[in-house]
Every structure is written in structure tokens, then in C-alpha cells.
Amino acid sequence: MPGSEPQSRKNAGQGADPEPKSAAKPSSTQQDDDVVGKAYDSRLMRRLITYLYPYKWPCIASIVAILLKAAADVLGPYLTIVAVDLYLKPAADRTPQAAAADAAGGVAAHPWLAHWLSPWANGGAWTGITELAGIWLAAMIFSYGLEALQTWLMQWTGQKVMFDMRSQIFRHMQQMHIGFFDRNPVGRLVTRLTTDVDAINEMFTSGVFAIFEDVFVMLRMKWWLALMAFSVLPLILLATRVFRKYVRESYRRIRAAIARINAYSQEYISGMSLVQLFNRQDRAFRDFSAINRIHMEAFKDNILAYALYYPVVEFLSSFAIALIIWMGGGGVLRGTVMLGTLVGFMQYAQRFFRPIQDLSEKYNILQAAMAASERVFKLLDTAPEIVSPPKPKQGDGSGRIEFRDVWFTYQRLNAETKAHVAAASPAELQAMTDIEWVMRGVSFMIEPNQTAAIVGHTGAGKTTITSLMMRFYDVQRGQVLVDGVDVREQDLTRLRQRFGVVLQDPFLFSGTVADNIRLGTESITDEEMKTAAEQVNVAEFIRSLPAQFAEPLRERGAGLSTGQKQLINFARALAHRPGILILDEATSSVDTDTEFLVRAALEKMVEGRTSVVIAHRLSTVQRADTILVMHRGQVREMGSHQELLALHGIYWKLYQLQYKDQELGESATRLTPSLATD
């Protein structure tokens with residue numbers, strides 16, 4: 001049932017029960033932030049491409065647009081070659097015979113295009129130049145149109161892929177067991193959902209294609225000039241390798257720092273009231289500045305690498321072009337190379353080396369995407385440990401709850417240890433000092449329609465019992481039965497729909513009051529919602545709001561008192577008509593007047609259903625049919641209020657302590673007037 005979702009926060013940070021030990025070991029998740037991976041991983045790439053399958057036609061259209069754009073782009077330098085060979089070179093010659101010979105050579109070199117252009121003779125040079133300029137302009141317009149189409153298609157596809165991936169990640173996180181969130185900070189999970197997915201999207205929307213547009217044309221024109229241009233590639237590759245080494249390390253530090261900034265910010269913003277209460281602003285700012293400085297230093301190293309790499313590539317590319325001019329110029333003088341070919345070759349070479357400079361950025365994008373996808377897929381591949389069985393059994397709906405020799409720890413046990421625990425005797429289990437047992441052989445039964453109270457010192461295991469009922473965790477030994485069936489044999493959704501939960505820390509989501517009461521359950525009618533609010537005595541407060549049940553609430557119910565938020569939580573639990581009601585310190589956060597209203601509501605809520613009440617104040621549990629006294633993970637006493645008092649045991653001592661506190665409070669109240677008159 002939706003009302004039970006916030007239970008994880010109680011287990012993770014409220015202090016009612018011991019936290020899982022793994023929650024205190026961030027090293028495994030720390031390694032997730034440090035993952036860099038290879039710049040290209042075929043396994044990850046194949047998996048990423050599967051996200052493109054639903055959008056294959058836009059992708060195919062984008063690829064076609066890229067190929068056509070490449071053809072249009074390489075046409076420009078070629079038109080320059082034609083213009084020089086057909087018109088400019090002949091016009092520069094001094095004798096008509098030489099000019100005619102040059103023009104004839106140009107026609108022979110470019111027969112397919114020269115046939116459609118005006119001839120050089122009889123003043124046709126200006127017309128031919130104009131025709132070439134028009135063709136070039138049309139090619140550029142065509143290229144720009146294709147670029148716009150390709151950009152729009154890839155950006156659209158990238159957004160669709162991001163939407164699908166984020167939906168898949170969020171759905172997967174919803175299915176994860178509560179122990180997973182005990183071990184993974186919220187900020188780190190938010191990073192997976194936002195920053196990492198953005199890095200993958202950047203790879204989809206920017207490609208490395210321009211460098212391949214010119215290679216074929218250059219080799220076809222003059223292969224030895226092309227090899228001359230490519231001669232500096234080994235040096236460029238060496239510089240790129242050194243550059244990648246430093247960028248890889250700085251990038252790893254940048255990604256790790258971003259995740260830590262997100263985790264730290266989420267934690268301190270959530271606890272800002274405590275930060276300000278204890279005047280921890282300066283200390284928190286210093287801690288944040290230290291993490292922020294790590295991010296800045298990593299980026300400074302990254303910038304330095306780029307600042308050194310780009311001039312090196314620029315120098316080497318200029319050196320290659322100088323070689324082309326030297327060798328090609330000699331070929332022009334000897335008559336083995338046409339002037340237009342040399343001019344066009346220089347343009348192709350410049351176009352060739354420009355994408356090489358961009359390769360560093362493309363490499364960074366590709367490496368970011370590979371690292372991000374590795375972290376995302378690691379999250380998606382983390383299988384939920386708590387899942388419904390293949391053939392679930394359905395309970396009898398009686399509301400009976402039974403624990404049979406339950407042993408439980410929050411620690412993660414390997415298969416060998418689990419087998420040893422299953423076969424060990426109680427004495428051997430007690431002797432396992434390396435396992436921090438939270439439940440030690442707990443056995444009890446709560447009959448249908450009874451109200452059972454669980455009391456005990458902080459950390460005794462009270463909240464853990466309710467978590468095991470709803471199968472937020474699986475026991476290592478024993479059985480937990482609800483409605484006569486082991487919870488591990490029941491469908492998780494149906495099992496949790498049986499429960500209604502009101503926690504000590506009331507949790508409200510962003511949305512209206514009605515949204516928080518329904519919490520997505522559309523079957524709850526307006527009348528049922530209002531009736532639930534009436535029964536828990538919160539309807540009068542809701543009607544005093546400007547929009548009543550449609551009043552919007554801010555995050556976590558900011559602006560409402562704790563008592564008001566708690567009463568809305570009561571209405572939520574009651575509106576879902578649970579068969580089993582769990583109240584975990586539900587009245588500890590309300591004032592005395594509100595508590596009386598809540599107690600009156602509780603008398604109506606517990607009628608006709610099994611109820612489990614966890615409380616420190618024994619005055620709230622005296623009317624319970626059965627009281628369980630927990631002490632160090634064991635049920636030490638069980639019975640009614642009067643029966644437990646007659647035992648003079650733990651419950652009696654707790655009662656005496658609270659009774660003395662009450663007496664002291666009453667005596668202080670009686671003394672106050674006399675002290676005031678002195």
C-alpha cells in the first residue's frame with residue numbers, strides 16, 4: 001500500500017533500530033563514482049544502441065542526411081579546383097596558346113563538370129566562375145539544410161532516449177528493496193538519474209563523422225600528397241595519447257566530485273534546520289568548499305591539458321600543410337600537379353585536421369558516455385533482493401500475524417553464512433559474534449482484529465518487526481506469517497496493500513491535500529476521502545485552508561505543523577481501508593490536545609482490523625489486547641497491561657519510571673504558582 005512507502009526513512013535514519021552495517025561502508029559505492037572505463041566499449045555500445053531501436057527510422061534518416069551533407073561539403077574544395085584549372089590558371093597565362101592549353105587540360109581533368117559549364121574561350125570565364133559560385137552556394141544551402149535536419153533528428157532521438165532511460169531507471173529504483181537505499185545515498189542515485197543520463201545523451205547527439213568526409217577524396221586525387229598530409233598523424237596520435245592519459249584522470253576526479261557534491265548538498269539541504277539550529281553553517285560551508293575545490297582542481301587540470309594539446313595539433317597540422325605546399329608546389333612547377341589540385345588539396349587538408357582537433361572533445365564525450373553508461377547499467381543490473389515468488393500464495397485475509405523463531409540482521413550474509421545460519425542451533429547462533437543480530441529467536445502471534453502493542457527501549461527491534469511484516473527485508477532464519485501464509489510466498493503488492501502505516505515522522509509529498517490522502521489510489525472516492533478526514537478529526541483543519549482538499553502542499557508539507565501533517569497521514573492510512581494497521585510512534589510528534597483527538601480517532605480506526613502499535617509512552621498502549629515487551633532483539637514479556645504489571649519485570653520497571661516522571665511533572669505544576677508569588 002502506498003502509505004507504507006516512507007517506512008524506509010525510518011529504518012535508514014530515525015534511530016529506532018540499528019542501521020544496516022553496510023550503510024556505514026561507502027567504499028563500494030565510492031568506487032561507482034570513480035568508474036571511468038574505456039573510451040569505447042563494444043559491449044556497452046551494443047547495449048546503448050538497443051535504446052535506438054524504437055526510433056530507427058529517425059536514426060536512418062539522420063545517417064542519410066550526414067552522408068549527403070558530407071558529399072555536399074567535399075564539393076566546395078572540388079569546385080575551387082575546377083575554377084582554378086578551367087578559368088583562373090588560363091587567365092593568368094601570358095600567351096593565348098598557353099592559356100588555351102591550360103583550359104584544355106582543365107577540361108580533360110574534369111570532363112563531367114566542364115561539359116556543363118561555359119567554355120573559357122570567347123569571354124566565358126566570368127560566366128563559368130559565376131556558374132561555379134552558384135553551384136557552390138546551392139551546395140552550401142543544401143548542406144545547411146541537411147545539417148539542420150540531422151541536428152533536429154538526433155536531438156529529438158536523444159531526448160526520447162533520455163526519457164526512456166530515466167523512466168527505466170526510476171521504475172527500477174521503485175522496485176529495489178529497502179536495504180538498497182540504506183546502502184546508497186540519495187545524492188548518488190540522483191546523479192545516476194540526471195548527470196549520467198545527460199552524458200549518454202551528449203554522445204547520441206554529437207558524432208565523429210567529419211574526419212572521414214575528406215580522406216577518400218584526398219587519396220583519389222593525389223595519393224602521394226595525401227600521404228604527405230597524413231605523415232604527421234603518428235605525432236598527432238602520440239600527443240593525443242598523452243592528452244588522453246591526463247584527461248582520463250582529471251575526468252575521473254571531476255565525475256567523482258560531482259557525485260559527492262550532489263550527495264553532500266542533498267544531505268545538508270534536507271537537514272538545514274539542524275544545521276542552523278546548531279550553528280553549523282561555517283563548518284558545513286568549509287566541508288562543501290573542500291569538495292567543491294576538488295572539483296575545481298580537477299577541471300583546472302583538464303583545462304591545462306586542452307591548453308597544451310590544441311596548440312600541438314595546430315602546429316603539426318600547419319607543418320603538414322607546409323609540406324603539401326612545398327611538395328605540391330614543386331609538382332606544379334614540374335607540370336606533374338595542376339595548380340587547382342594543389343589549392344584544393346590545401347583546403348581538404350585544413351578540413352581534415354580540423355576534426356582531428358575536435359577528436360579530443362569527441363573522445364571526452366565518448367569516455368563520459370561510456371563511464372556514465374557503465375554506472376547506469378550497473379544500477380539497472382542490480383537485481384532487487386525482495387521480489388514476489390513465481391507462484392504466489394494468497395492469505396486467508398484474517399489479519400493474523402505470526403513470527404516463528406525469527407532471526408534477523410541487517411548485515412549482508414553470503415550464501416555460505418546463510419547455509420550455516422539455517423543449520424545452526426540457537427546456542428550456535430548466539431555465539432556468532434561476527435553477526436549483529438537484531439532479532440533473536442522472536443516468536444509470537446497476534447490474533448485477528450486484536451490490537452497488539454510493542455514497547456521497549458530504543459534499539460530493541462520494535463520498528464524492525466513491522467518492517468519484516470511488510471517484507472521490506474527477508475529474515476535469515478524462521479518465518480513471518482501474515483494471513484496464515486509466509487510473507488516470502490505472497491505477492492508483494494497484495495501483501496503491502498493489506499497494511500496501513502502511520503510513522504513517527506509524517507511524510508507528505510508535493511501536491512494537493514487530496515493527492516496526499518489518495519497517494520495515487522484512484523479507487524478512493526471524494527466521499528471516502530472526506531469521511532476518512534472526518535474520522536481522524538482533520539477535516540475541520542482542511543476546510544479552513546483556502547482551497548480545502550485542493551490546497552497545494554510544498555515538499556514534505558513545509559508550512560504545516562507536525563501535528564497537522566500527522567493527522568493527514570492518519571487520514572491517508574484510513575482512506576485506503578487497510579486490513580492491518582501499523583502505528584509507529586504515531587502520537588509522539590503531536591501536542592496534548594491533538595493527541596486526544598488522535599486517540600479518539602484511533603478507537604475508530606482499530607475497530608474490525610488487526611492493529612500493531614509501537615510506543616514509548618505506556619499510557620497509549622494500556623488498552624491493547626496484547627503487549628509485547630522487546631529487549632535486545634527478544635520478546636521478553638507478553639500479555640495484557642495488568643498481567644505484565646503483575647510480573648514485576650521489564651514492563652513494570654518501564655511503567656514505574658514513566659509514573660515517577662509523571663509524578664515529578666505534576667509536582668512541578670503544583671509548585672509553579674507558589675514560586676511565582678515569592
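Colleague: In which helix does Ile 81 lie?
Modeller: This is a predicted model: local features need pLDDT of at least 70, side-chain atom pairs count only at pLDDT 80 or more, and totals for chains, interfaces and linings use all residues. Residues are numbered from 1 along each chain as its sequence is written, and side-chain values use heavy atoms, with hydrogens and water left out. Helices (H or I, at least four residues) and strands (E, at least two) are DSSP runs numbered from the N terminus. By that numbering, Ile 81 lies in helix α4.

Colleague: Is Ile 81 buried or exposed?
Modeller: Buried means under 20% relative accessible area, exposed means over 50%, and partly exposed is in between (1.4 Å probe, protein chains only). The relative accessibility of Ile 81 is 2%, so Ile 81 counts as buried.

Colleague: How many aromatic pairs are there?
Modeller: Rings of Phe, Tyr and Trp (its six-membered ring) pair if their centres lie within 6.5 Å; planes under 30 degrees apart count as stacked, over 60 as edge-to-face and the rest as tilted. By this rule the count is ten.

Colleague: Which kind of aromatic pair do Tyr 55 and Trp 156 form?
Modeller: Tyr 55 is in the loop between α3 (42–49) and α4 (56–92) and Trp 156 is in helix α7 (residues 125–175), so the pair ties together parts 101 residues apart in sequence. Tyr 55 is buried at 12% relative accessibility, whereas Trp 156 is partly exposed at 32%. The ring centres are 5.8 Å apart and the planes are at 90°. The pair is therefore edge-to-face.

Colleague: Which kind of pair do Phe 403 and Phe 444 form?
Modeller: Phe 403 sits in strand β1 (residues 401–408) and Phe 444 in strand β2 (residues 439–446), 41 residues apart. Both count as buried, Phe 403 at 1% relative accessibility and Phe 444 at 5%. With 4.6 Å centre to centre and 15° between the planes, the pair is stacked.

Colleague: Are α22 and α24 parallel or oblique to each other?
Modeller: Axes are lines fitted to C-alpha atoms, for helices over the stretch in contact, and angles run from 0 to 180 degrees between N-to-C directions. The axes of α22 (residues 526–535) and α24 (residues 562–575) come within 8 Å and cross at roughly 130°. Angles under 35 degrees count as roughly parallel, over 145 as roughly antiparallel, 65 to 115 as roughly perpendicular and the rest as oblique. So α22 is to α24 oblique.

Colleague: Which residues of α24 does α22 meet?
Modeller: Contact means heavy atoms within 4.5 Å. From α22, the residues involved are Ala 532, Ala 533 and Gln 535. In α24 they meet Ala 571, Leu 574 and Ala 575.

Colleague: How many of the eight residues of helix α9 are buried?
Modeller: The buried residues of α9 are Gly 187, Arg 188, Leu 189, Thr 191, Arg 192 and Leu 193. Helix α9 (residues 186–193) is largely enclosed by the rest of the structure, because its buried residues number six.

Colleague: What is the phi of Arg 632?
Modeller: Most residues other than glycine have a negative phi. Arg 632 lies in the loop between β11 (626–631) and β12 (634–639), and is exposed, with a relative accessible area of 67%. Its phi is positive, in a residue other than glycine, and is near 55°.
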